[in-house]
Amino acid sequence: LFQEKFNFTHDMDFIVYEPADKDEVHAYEYEDGPGPNPEHLQFDLAKNSKSPWNSMVLGILCQQLKDQCTTEQWPMQWPDTYIRQLLTEWYKRLRTMWRNAQPKLTEKGTVETPAETKARLVAERQVVLKQCHQTTHCRSRYAWRVAVLDHIVKLKTEGNEDDAGAWKWLQRLVKTLREHGMSSDESDIGNDVEEVLCVKNMGWCHSIARELDLVDLQRLVDTDIFAPQGS
């Protein structure tokens, strides 16, 4: 609905969105202006979702979405409060993105040039992508460690081996820590030829680093659990 009404395809396209005219907003909120045009809705991005202008825009969008649900006979009908909350959260997210893309003051006290704004946005985007990469790697590391430990504990238990208790303890520990407790790999060097990853351990992990290394080693030597990548 947002993309259709405000003419953008991806969220990043919203950074060039043209907000409502300040004079029209002022006339509606403090004088006797007509208010938002339902056929050409525009947010006042200088203010939050609770401002009179934006509240009216959200109300119009809520009604339009309800009408669309009825016309297209959607199988589910949502209450007004839910639709309103959903639209409000979308507005907050897009407003944050738009405000972040506006020129800011530099360390020299001057306003960013378009080139400086673009460079800042690119740098911030790279940080987000790096964080996503680290999060994905932590989840993958957690998944394979759990699979390895489940396999080893099963074999040790069935064989009634003496170190089964130690492996069960490590299994419980990893499952308690979950993916957020796994160390991430931080790329220091990356190019088309080679990518070098340096392990970025959490401080509290140092005391069990040896045990976790044993789990990772089992993943490499036991092809019954994980096949080589690309096979």
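Is the crossing of H3 and H4 left-handed or right-handed? The crossing of H3 and H4 is right-handed, a term used when the near helix is turned clockwise from the far one by less than a right angle, anticlockwise being left-handed.

The model is predicted, with local features needing pLDDT of at least 70 and side-chain atom pairs counting only at pLDDT 80 or more, while totals for chains, interfaces and linings use all residues. Residues are numbered from 1 along each chain as its sequence is written, and side-chain values use heavy atoms, leaving out hydrogens and water.

The protein has seven helices and two strands, taken as DSSP runs (helices H or I, at least four residues; strands E, at least two) numbered from the N terminus, and their order along the sequence is α-α-α-α-α-α-β-β-α. Buried residues (under 20% relative accessible area, 1.4 Å probe, protein chains only) make up 31% of the 231 residues.

The two helices pack at an angle of about 125 degrees, with their axes 10 Å apart; the axes are lines fitted to C-alpha atoms over the stretch in contact, and angles run from 0 to 180 degrees between N-to-C directions.

| Helix | Residues |
|---|---|
| H3 | 52-71 |
| H4 | 80-100 |

H3 and H4 are therefore oblique to each other, as angles under 35 degrees count as roughly parallel, over 145 as roughly antiparallel, 65 to 115 as roughly perpendicular and the rest as oblique. Residues in the contact (heavy atoms within 4.5 Å) include Leu-58 and Leu-65 of H3 and Ile-83 and Leu-87 of H4.

Conventions. Buried means under 20% relative accessible area, exposed over 50%, partly exposed in between (1.4 Å probe, protein chains only).
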